[in-house]
Protein chains: 2
Amino acid sequence: MAKEFVKDVTGMDEDFAQWYTDVVKKAELVDYSSVRGSMIIRPYGYAIWENIKEALDAKIKETGHENVYMPLFIPESLLQREKDHIEGFAPEVAWVTHGGEEELAERLCVRPTSEVLFGEHYKNIIHSYRDLPKLYNQWANVVRWEKTTRPFLRTLEFLWQEGHTCHETDEDAHEETVRMLEVYAELCEELLAIPVVKGQKTEKEKFAGAKYTYTIESLMHDGKALQSGTSHHLGDGFAKAFGIQFTDREGKLQHVQQTSWGLTTRIIGAMIMVHGDDRGLVVPPRMAPTQLMIVPIAQHKEGVLDFAYDLKEKLSAVARVGIDASDKKPGWKFNEYEMKGIPLRLEVGPRDIENGQVILARRDTGEKVTVPVSELEAKVPIMLEEIQKNLLEKARAHREEMTSVAPTFDEFKSVMSEKGGFVKAMWCGELACEDKIKEETGATSRCMPFEQEQLADTCVCCGKAAEKMVYWAKAY
Amino acid sequence: MAKEFVKDVTGMDEDFAQWYTDVVKKAELVDYSSVRGSMIIRPYGYAIWENIKEALDAKIKETGHENVYMPLFIPESLLQREKDHIEGFAPEVAWVTHGGEEELAERLCVRPTSEVLFGEHYKNIIHSYRDLPKLYNQWANVVRWEKTTRPFLRTLEFLWQEGHTCHETDEDAHEETVRMLEVYAELCEELLAIPVVKGQKTEKEKFAGAKYTYTIESLMHDGKALQSGTSHHLGDGFAKAFGIQFTDREGKLQHVQQTSWGLTTRIIGAMIMVHGDDRGLVVPPRMAPTQLMIVPIAQHKEGVLDFAYDLKEKLSAVARVGIDASDKKPGWKFNEYEMKGIPLRLEVGPRDIENGQVILARRDTGEKVTVPVSELEAKVPIMLEEIQKNLLEKARAHREEMTSVAPTFDEFKSVMSEKGGFVKAMWCGELACEDKIKEETGATSRCMPFEQEQLADTCVCCGKAAEKMVYWAKAY
């Protein structure tokens, strides 16, 4: 029975896409609904999102931001105010044309992002430099009409936070753009154990309407990259389109400088694809809804359940602890909690109780250790931190292994077709080369990393003078 | 200047509707947008919602529920599955007809509530009595195409939580319906200081598709009632429409018994209209984002600001404390924080510092007391609790004063036209009388309270045998 449970999941090196689909379903993160491309986030998936949200919300507030809530709908005329923006988003928005029985005079789109709504509001509430900076954030659902969808990674509707800020100067907005990218990088590395490359998007890949876009890029188990969070310096484009002006310290009327930045439920997809293995999910302890699961052995024997519940109570002071006292077989429970990626499993049976010890099994390494009951409260938090650290190190090692340098276009092509992963290569800065690289290798420019290396003097594609070192990869 | 600030607000007894509109705007709870009927919830309004949400979410989890997230869109055919439900909601939903450039084969409605989505999901995941109860909740935005709208009270889009549960028996579902109404009543009375009447809705007023609906009803300053939270026993209507069946303990196939329950951003409107006064908002301390605001006096004088910041740091251990060290005049600040309803104001100037004391001003009573600095940490929490208690008592007294008994229809009509408020009167149970009462008095049945009183033996309207004592009122 236990074996069958695991057998339902395709091997990750056999068919990674199928492995992913199997795991999100079997670990009970999501379910499908009759709404094409939309997912149901089940209790376990949502509890992970709540942990991410709580941690990120605290960081957003610590950096001086306030939460607000904007309308779901955007009138078509408002969306059209900023030209690049509407061009970028029009092909992928959902349109509301009827309210009740009536046809609307003007169509409303379901927000794909809220720059224009914030723009309109900021025009109303900003008048003087004393009103700046305005540092707002919102937690919301947004809709983008995607053709091909996959749970967490690309869905018609997703959950996210979107920050929208206004500043006096270009420099202030720049600092904010950097600050929030740092916040995202910290969240990924410290809490989700996902190492990221920080850098700037090319003109082609930047946000529609932005001056420039900063991004964090992470690498999945299969060697494909995932954009994990973006932070945009919007310049004064939206400010001009919406007339967001303020009287500056010299009494002159100026347009504000803006930023926006967002992180989505997509990050759960990254967590799955960075840490998961053939037995299912592996959730980093700091974000795990349940960090330790107690599985009583021979629980029908006198004293076992009482002992297990006592342990649960005691350990709840140092970790988020669950207990499974259902009548399923222990082996079945082991598989279930491995599938769900719970960091530690505690096994305790009659003989353990006699000996004053229990067994702790690590999800990440499979290692089992016998621990005296008296040491548990000290040992559990240490082991959880070890797991957290190990996951980050493992992911970092995997990324290093999957990062190549391509001095020539031929090598670029062969790495991409044989191995995948990140390719570091020099680029001239021309769109033509970026397009050609994509066409011939399948890789897109992920970012121009902040930490530049002068690998060569010429563009890997056209041989002209190189401007930037770029991370390239096939991407989700 | 200070006076003008207050003058912008219409007197509440002069024009209550205008007072409300002025206060939500001046206290910076909301702003309007170009989306008809939708509001922008500003930082102060959203911080209040976050406090309500956090408190309610904790209660929902304590009672064993788990959070999930369902799609925003509902295919038309899915909405039509339960007949009463679609009839109730079809006239007020927004329809998405286009995705990107394409017309959809089937229209999608933007969820007005999510019974049908939960129904479809429950059919997939419930098979045996071992899968029950299923106790799910979601925090989400919903849309209802209202013609006349007012911030918080009635908006095209609003925020809420909606609980959806499945049970083995009718009795289990009944207990859940009661339990969650209790949770709402506790939230209102203990945290928002809003007294409520608990009872059952009439057939006419119950939720579309429910077996019966329980409600909490509160009374606003102007004598109109506000439905503040509802809890529905859905019976097996949705279960039959969606085929949600389980094998019971005897091995027989049965339909589940369901409940649903919701509380919305509307409750902020109740808070405003129950506690507010001519100087603006009054926020109950337990839900106040800032419980105490420090206003330094003559802050340019040496030592004043340092002293004020020290106080802020010290008092932050016992309350949520803000400080306004801007260069606005103190009188202006006083008015601003009175408008925002901050429970306590702390004034501290050079002479106070010399005397080792400060002034505390209560928002609810206007009372000012001088308190030695050494006693502040003990005194502030006590005063906050006194304010909380006083607000509930004041609201309760107002409700008592505005609750009348109507032995005859003539008295019913005259109370309604002269005084308003709740009218308690006997009712035969017939829709005809309910309709007639509404037509002739403007009052609707608010609820048949759980605490019934036998005021008379006959219906106040038709004179036939009375079945129930009903609370009637004009309502928001």
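# A tour of the two-chain model

Begin with helices α3 and α7 of chain A, which cross in a right-handed sense. The model is a predicted one. A pair of packed helices is described by the angle between the axes and the distance between them. For α3(A) and α7(A), the latter spanning residues 170–191, the angle is about 140° and the axes are 11 Å apart. Show side chains for A:Ala55, A:Leu56 and A:Lys59 on α3(A), then for A:Val183, A:Leu187 and A:Leu191 on α7(A); these residues make the contact. Coloured by type, the contact between α3(A) and α7(A) shows five nonpolar residues, one charged and no polar.

**The counterpart in chain B**

Move to α3 (residues 43–62) and α7 (residues 170–191) of chain B, which pack at about 140° with axes 11 Å apart. The crossing of α3(B) with α7(B) is right-handed. Select B:Ala55, B:Leu56 and B:Lys59 in α3(B), which meet B:Val183, B:Leu187 and B:Leu191 in α7(B). That contact of α3(B) with α7(B) has five nonpolar residues, one charged and no polar.

**Both chains together**

Zoom out until both chains are in view. Two copies of a chain are related by a rotation about an axis and a shift along it.

Now select the interface itself, where 42 residues of chain A are in contact with 42 residues of chain B. On the chain A side, the elements that give two or more residues are these:

- the helices α3 (43–62) and α6 (115–125) of chain A;
- the strands β2 (39–41), β3 (66–67), β4 (73–75), β5 (94–99), β7 (134–143) and β8 (157–167) of chain A.

Highlight β5(A), which supplies six residues, the largest share of the side of chain A that touches chain B. By type, that side of chain A divides into 23 nonpolar residues, 11 polar and eight charged.

**Helix α2 of chain A**

Select residues 16–26 of chain A, helix α2, and pick out A:Trp19, A:Tyr20, A:Val23 and A:Val24, which are buried. Looking down the axis of α2(A), the buried residues fall within an arc of 125°, so they line one face of the helix. An α-helix has 3.6 residues a turn, so residues three or four places apart point the same way.

**Backbone exceptions**

The next stops concern backbone torsions. Most residues other than glycine have a negative phi, and most peptide bonds are trans.

After α2(A) comes A:Glu28, with a positive phi near 60°. In chain B, select B:Glu28, a residue other than glycine whose phi is likewise positive, near 60°. B:Glu28 sits in the loop between α2 (16–26) and β1 (30–32) of chain B. B:Glu28 has 16 C-beta neighbours inside 10 Å and so counts as partly exposed.

Next, select A:Leu132 and A:Pro133, which are joined by a cis peptide bond with omega near -5°. A:Pro133 is in the loop between α6 and β7 of chain A. In chain B, the bond from B:Leu132 to B:Pro133 is cis, with omega about -5°, and B:Pro133 is in the loop between α6 (115–125) and β7 (134–143) of that chain.

**Last stop: A:Ala298 and A:Val304**

Go to the loop between β15 (292–296) and α10 (304–315) of chain A and select A:Ala298. A:Ala298 has a positive phi, near 50°, and is not a glycine. Is A:Ala298 buried or exposed? A:Ala298 is exposed, with 11 other C-beta atoms within 10 Å.

Select A:Val304, in helix α10 of chain A. Which residues does A:Val304 touch, leaving aside those up to four places away in sequence? They are A:Pro296, A:Ala298, A:Gln299, A:Gly349, A:Pro350 and A:Ile353. A:Val304 has 19 C-beta neighbours inside 10 Å and so counts as partly exposed. To finish, draw a distance from A:Val304 to A:Asp278: the two are 26 residues apart in sequence and 32 Å apart in space, C-alpha to C-alpha.

Methods: Residues are numbered from 1 along each chain as its sequence is written. Chains are lettered from A and ligands numbered from 1 in the order in which they are written. This is a predicted model: local features need pLDDT of at least 70, side-chain atom pairs count only at pLDDT 80 or more; totals for chains, interfaces and linings use all residues. Axes are lines fitted to C-alpha atoms, for helices over the stretch in contact, and angles run from 0 to 180 degrees between N-to-C directions. Helices (H or I, at least four residues) and strands (E, at least two) are DSSP runs, numbered from the N terminus. A crossing is left-handed if the near helix is turned anticlockwise from the far one by less than a right angle, and right-handed if clockwise. Two residues are in contact if their C-beta atoms, placed from the backbone, lie within 7 Å. Ala, Val, Leu, Ile, Met, Phe, Trp, Tyr, Cys and Pro count as nonpolar, Asp, Glu, Lys and Arg as charged, and the others, Gly among them, as polar. A residue is buried if 20 or more other C-beta atoms lie within 10 Å of its own, exposed if 12 or fewer, and partly exposed in between; C-beta atoms are placed from the backbone. The arc is that of the directions from the helix axis to the C-beta atoms.
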